[in-house]
Every structure is written in structure tokens, then in C-alpha cells.
Amino acid sequence: MKKQILTAEILFITLLLTGFSSCRGKEEKKNVSLQTVKLATSNTSALYNPSIQIADEEGIYEKTNVKVKYIPLDRDGSFEALATGKVDATYANVIPQLSMGAQGTDIVAFAGTQGNGMVVVARPEVADKLKDLRNWKGITIAVQHTTTVELIARYSLAKKWGYKIGEDIFFKSFPDYPTAVLAAVKNNAEVALPNPQTLESALTQGLVYLFPSTVFEEDYVCCRQFANGNDFRKNPEKYKNYIKGQIYGYKILITDKQKAVDSLVKASGQTESYVEKYFYDKEYSGHRTYKPDPNYNGTLILYETMEEIGMIEKPLPLSSFFDIKVYAKALKEVIKENPSDDFFKEMWDFFLTHNDKHPDFKAIASL
């Protein structure tokens with residue numbers, strides 16, 4: 001009898017200790033501090049990078065041990081904040097940040113945000129003819145000054161179609177998209193390259209929609225993600241986990257439209273119809289994409305074009321402030337966690353074909 005009581009007491013103590021250990025383990029896991037990414041966001045729009053917003057709203061970042069702290073800033077303010085380390089990362093038009101990196105500002109490009117996203121309109125009397133790029137000799141193109149679409153058009157028309165810029169084709173720069181459209185309306189240009197939000201106004205004023213800007217170059221880069229160089233070098237694990245969350249968020253954006261829309265409505269406060277149009281209406285968005293892939297090759301096209309036309313002088317090599325390793329590690333981890341998921345394998349195929357001009361590509365791809 002005494003032996004049975006003793007055995008019961010031992011069993012009770014064992015269960016008590018086991019339970020205490022289990023609870024303690026859960027408490028320790030709960031109390032693990034998340035890695036904070038101070039992200040500069042646009043102070044003019046509630047919708048920005050959908051992969052980030054979905055990852056945050058769906059609790060994915062908590063699983064990848066990341067907490068995003070949003071810091072709304074205007075464009076110029078975000079550049080300064082990034083350079084001085086007041087924020088860790090930002091996403092914005094790639095051109096100003098490439099200019100900063102080219103001249104030695106300690107920033108690092110490490111992931112994608114947005115690609116494509118512009119439209120091409122023309123005067124009605126030449127619209128049918130100009131639907132074929134072989135007929136563009138002698139035309140003038142109205143553009144907003146220093147935009148991605150201008151550089152892509154310059155690159156494509158010169159390198160792919162053989163036109164001499166300044167002899168066969170002419171560009172006129174204007175302070176904004178509506179003014180560029182007005183130049184075409186007033187017959188100061190045959191073609192204008194506005195953003196999709198200006199398209200309706202352009203059509204109302206008598207111009208004709210030709211095609212999306214992807215006709216110049218498919219999957220061209222627009223906005224990229226940049227990090228403060230010092231923080232990026234000190235905390236590569238943080239940025240890897242930050243990108244992992246985006247990769248999972250991107251899959252939801254592409255494969256589960258309703259879940260993505262619901263998540264983005266909650267994150268932004270916008271209506272469901274607006275969110276759906278903003279992210280899923282190809283004509284409205286100019287065939288915009290949101291791949292998190294860094295796309296070094298596409299960025300190099302812009303960088304070399306910027307140098308050719310004198311936007312940057314004696315720049316540092318793009319690869320000196322462009323990292324593809326952290327993204328590659330993040331994507332490989334996601335693939336390992338989801339070995340039967342073809343979606344992530346296709347993302348890896350895209351990485352292989354859009355980053356192979358980086359000097360470190362072979363070593364990184366084989367990690």
C-alpha cells in the first residue's frame with residue numbers, strides 16, 4: 001500500500017514538472033522578441049506593397065520572427081531617413097535611390113516591390129500607325145521627367161528597335177504626367193507615357209490608348225526595396241526573415257484573390273472594389289506586378305541607361321550596392337519548408353533568369 005502511494009506521488013510530481021516545463025516553453029516562445037524592421041512608407045497612400053501588408057495582416061511576419069514598424073514619410077523624406085539610419089528600409093521609385101547609391105550613399109538594394117505600371121497614349125490621327133513600333137521614326141514622346149518608363153522606352157527603342165535617340169526619336173520632359181499628356185493634346189508630341197491614373201483624363205482630352213508600357217520591356221523594374229547599408233550588413237537574418245514573409249504574402253496575392261483583397265481592405269481601410277481594381281485590373285494598373293524578386297538584370301538596364309544619358313556620372317558598379325544573396329537564401333528556405341509547392345519553385349526559376357548578370361550569381365545560386 002505504501003509503495004502504491006509513493007508511486008502515485010512520483011507520478012503526480014512528474015506530471016506537474018512536465019506541465020510546468022511545457023508551459024514555460026510556450027511562455028518563452030511567446031516572449032521571444034521579434035526583429036523590428038522600421039519601414040518608411042508613403043504618407044499619401046494607404047496601399048503600398050501588398051506582399052508586406054498581407055504578410056503583416058495575416059500574421060505571417062510573426063511566424064518569421066519579424067515586426068514591421070511603419071513610418072509614413074514623403075518621398076524625399078524617406079530617402080534622407082534611409083541614408084541616415086532613421087529607418088531600416090524603404091520602397092520607392094528606383095531612380096533616385098540608384099542615383100544615391102551610384103554616388104556612394106550607404107544603401108543596399110535587396111528586393112523588388114513593383115514592376116511595369118505605365119501606359120502609352122497617342123494623338124488620334126497617328127494612333128493606328130503607332131500601334132506598331134516599327135513606325136515610330138520621327139515622333140516626339142512626352143514624358144514626366146526622370147521616370148522609369150522614360151528610361152525603359154529609351155532603352156527599348158534604341159537597343160531593340162535600332163532608333164537613334166535625338167535623331168530618329170525625340171523625348172520631351174515635363175514636370176508631371178498630366179502636363180506630359182497635355183503636350184500631346186496640344187500637338188507638341190505624338191505620344192505620351194502617363195501613369196494609369198492619368199489615362200482616363202488623357203482619353204477624355206481626345207488621346208487614344210495604344211498599349212501598356214510592357215510592350216517596350218516585359219517585367220521591367222519600377223520600385224525596388226532599399227535598406228540602410230549599415231543595418232543590412234549587421235542584421236542579414238532580419239532581412240532574410242522580412243523577405244520570407246513577403247514571399248508568403250506574394251503567394252496569397254497571386255493565388256488567393258479573395259483572401260488577399262480581404263486582408264488588404266483591413267490593412268488599408270480602402271473599399272473592396274477599390275482594392276480589387278488597384279491590384280487586379282491590368283488595364284487600370286498598367287499591367288503592374290509586385291514580385292519581391294530583386295531583378296538585378298532589369299535594374300542594370302535602368303542603371304546603364306541613366307549613365308548613358310548623363311543622369312549619373314562615374315557611378316560605382318551597381319553590384320557594389322545591390323544584394324541578391326539575402327533574397328536567394330529566403331526563397332530557398334521557403335522552398336525547403338514547402339518542397340511540393342510549385343509556386344515557390346517557379347519563383348526560383350524567375351530568380352535564375354532575372355539575376356544572372358550579378359557578378360556573384362553563380363556562387364549564390366549554388367548555395
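Entry one, strands. I found strand β1 (residues 35-42) and strand β3 (residues 89-93) paired in the parallel sense over two bridges. I took strands as DSSP runs of E of at least two residues and helices as runs of H or I of at least four, numbered from the N terminus. Two strands pair if DSSP finds at least two bridges between them. In this pairing A40 stands opposite T90 in β3.

I noted the basis as well: this is a predicted model, where local features need pLDDT of at least 70 and side-chain atom pairs count only at pLDDT 80 or more, while totals for chains, interfaces and linings use all residues. Residues are numbered from 1 along each chain as its sequence is written, and side-chain values use heavy atoms, with hydrogens and water left out.

Entry two, the sheet. I read the order β2-β1-β3-β10-β4 for an open sheet of five strands with mixed pairing. β2 (66-73) and β4 (107-112) are at the edges with a single partner strand each, so one side of each has no neighbour in the sheet.

I looked up α11 (residues 236-255) and α17 (residues 342-354), whose axes come within 11 Å and cross at roughly 110°. Axes are lines fitted to C-alpha atoms, for helices over the stretch in contact, and angles run from 0 to 180 degrees between N-to-C directions. α11 and α17 are therefore roughly perpendicular, the word for 65 to 115 degrees. In the contact (heavy atoms within 4.5 Å), I247, Y248, Y250, K251, I254 and T255 of α11 meet F343, F344 and M347 of α17.

How values were computed:
Angles under 35 degrees count as roughly parallel, over 145 as roughly antiparallel, 65 to 115 as roughly perpendicular and the rest as oblique.
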